[in-house]
Amino acid sequence: MFKNLKKEITFICTDKVERQCCEPIAEEAEKRGYKVKFTNNKFEKCEIGFYVSHLNYPQNSKFSVVTLHDLGQQHGEWPNMWKNEFWNQFDVGLLPSKEWADMWHNASCYDFARPNLGCYLTGWIKADKILNQNFDLENEKITQELNIDTTKPTVLYAPSWEWDNRELEIVNAVNEMNINLIIKQFPATPEVFPEQYKIINEVHSKVRNLNRKNVYILDSTINIFNCIALCDVLVSEESSTLYEAMLFGKLVIAVDDWMVPDIIPPRFPDFPYTWAVHTKKENLKNTINDVLLSKSYRDNVIAFRDSNFPNIGHAALSVMNIIDKLVFNKSIEIKPIEALELKKTPASYKKSVKIRKQLLRRYAFRIKYVKKIKILNLLYKIYRKVKYR
């Protein structure tokens, strides 16, 4: 039990996606008499600090909790992403699935992966949206506002990165099909993702100029679960939206040759799951047809979901039970994920750990000093614009 700790939880969220991950917990916390606050200040002083970003400073909280904001988070570093995101800075870690719990268990032999009080399997918090009493009403409102024909099958295009006119490509692929195509892009902003913001708006303009009656471009800030609820099939490359559609039991298609521009030159996507239907972009139209006509694909999706994700629709309840038990000593039976015996950090990880520490220091310096000194802040903004050219 943590003495003299107030029932106050602060959620540190730097964008709308991170906030959506925390909102179900905030609602459950308020029901239990906690005072709740949201902030984008990573250095906020907190009683109980809840963190979901890649870069965090939990030393500012009396009690700190960390979880993921993305089911595919740092997937390029799997099975050990913790060498890039130190969870030993936190009191508690929360994980969404058995697959994530197994990865953490195998990484728990290294000190940088181990929160002070362990990790717990809670389920995917963001999926609590599914059972929210307003969820169906929100979906009906979106359908009515866009005038979507609900008698037709609906395909959702939701990539992790827009690149090389892919949005236009899928619009043309389904042009002669008797379906709806709804498009949900990542909510990029010109301040944080200037290049993606520009690319998305340019391709939206091209699609709108086609004036296709069966194509609907959604507001990028809409919760992805509302978008998934409207569709029969989701198409992406490696986005976490593929995982989230799986939680709905929806059919998913991963296009294996849609390049991902998070490095130069762009790379092939990485989504090695057999419960997703894999295809090449030249076969996309035929694959969508096949998936819509066959019911057998859904069995693999549901089997993976049911064997991996606990508490679907009730993860926030599990989270608050853990906080109540560990912080305020409530008599609730919850066990942490078993950790392995500690080992010495191998040389192959030491470089990543060193780079991560430097990144944390540089970010803190920029926020604390650069942004407060006008000339330095101006130079940094110029640098941000130039580096993408």
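In the predicted model, Pro-265 is placed in the loop that runs between strand 11 (251-255) and strand 12 (277-279). The peptide bond leading from Ile-264 into Pro-265 is cis, with an omega near -5 degrees. A cis peptide bond also joins Trp-78 and Pro-79, where omega is about 10 degrees. Pro-79 belongs to the loop between strand 4 (61-66) and strand 5 (92-95). Most peptide bonds are trans, and most residues other than glycine have a negative phi.

Positive phi values were found for two asparagine residues, Asn-147 and Asn-329. For Asn-147, phi is near 60 degrees, and the residue lies in the loop between helix 3 (135-146) and strand 7 (154-157). With a relative accessible area of 64%, Asn-147 is exposed. For Asn-329, phi is likewise near 60 degrees; this residue occupies the loop between helix 10 (315-328) and helix 11 (347-368). Asn-329 is exposed as well, its relative accessible area being 55%.

The protein chain as a whole contains 12 helices and 12 strands. Its radius of gyration is 22 Å, close to the 21 Å that the globule rule gives for 389 residues, so the chain is as compact as a globular protein of that length. Along the principal axes, the C-alpha atoms fill a box of roughly 65 × 55 × 40 Å. Buried residues account for 52% of the 389 residues. Of the contacts between residues at least 6 apart in sequence, 73% join residues at least 24 apart. The accessible surface of the chain comes to about 19,500 Å², and 50% of this area belongs to carbon and sulfur atoms.

The packing of helix 4 against helix 5 was examined next. Two packed helices are described by the angle between their axes and the distance between the axes. Helix 4 (residues 166-173) and helix 5 (residues 194-210) pack at an angle of about 25 degrees, and their axes are 8 Å apart. Because angles under 35 degrees count as roughly parallel, helix 4 and helix 5 are roughly parallel to each other. On the helix 4 side, the contact involves Glu-167, Leu-168, Val-171 and Asn-172, which meet Val-203, His-204, Lys-206, Val-207 and Leu-210 of helix 5. By residue class, this contact divides into 5 nonpolar, 2 polar and 2 charged residues.

Two further residues of helix 5 were considered, Gln-196 and Ser-205. Gln-196 counts as buried, at 9% relative accessibility. Apart from its neighbours within four places in sequence, Gln-196 is in contact with Trp-161, Glu-162, Ala-188 and Pro-261. Ser-205 is partly exposed, with a relative accessible area of 36%. The C-alpha atom of Ser-205 is separated by 9.9 Å from that of Leu-168, a residue 37 residues apart from Ser-205 along the chain.

In helix 8 (residues 284-293), attention falls on Ile-288. At 0% relative accessibility, Ile-288 counts as buried. Not counting residues up to four places away in sequence, Ile-288 touches Val-155, Val-174, Met-177, Val-235 and Ile-253. The C-alpha atoms of Ile-288 and Val-252 are separated by 9.5 Å, the two residues being 36 residues apart along the chain.

Conventions:
Residues numbered from 1 in each chain as written. Predicted model: local features only at pLDDT ≥ 70, side-chain atom pairs only at ≥ 80, totals over all residues. Heavy atoms only, no water. Axes fitted to C-alpha atoms, helices over the stretch in contact; angles between N-to-C directions. Helix = DSSP H or I, 4+ residues; strand = E, 2+ residues; numbered from the N terminus. Parallel < 35°, antiparallel > 145°, perpendicular 65-115°, else oblique. Contact = heavy atoms within 4.5 Å. Nonpolar A, V, L, I, M, F, W, Y, C, P; charged D, E, K, R; others polar. Buried < 20%, exposed > 50% of the residue type's maximum accessible area, 1.4 Å probe, protein only. Rg over C-alpha atoms; globule rule 2.2 N^0.38 Å. Areas by Shrake-Rupley, 256 points an atom, 1.4 Å probe, with all protein chains shown as cover.
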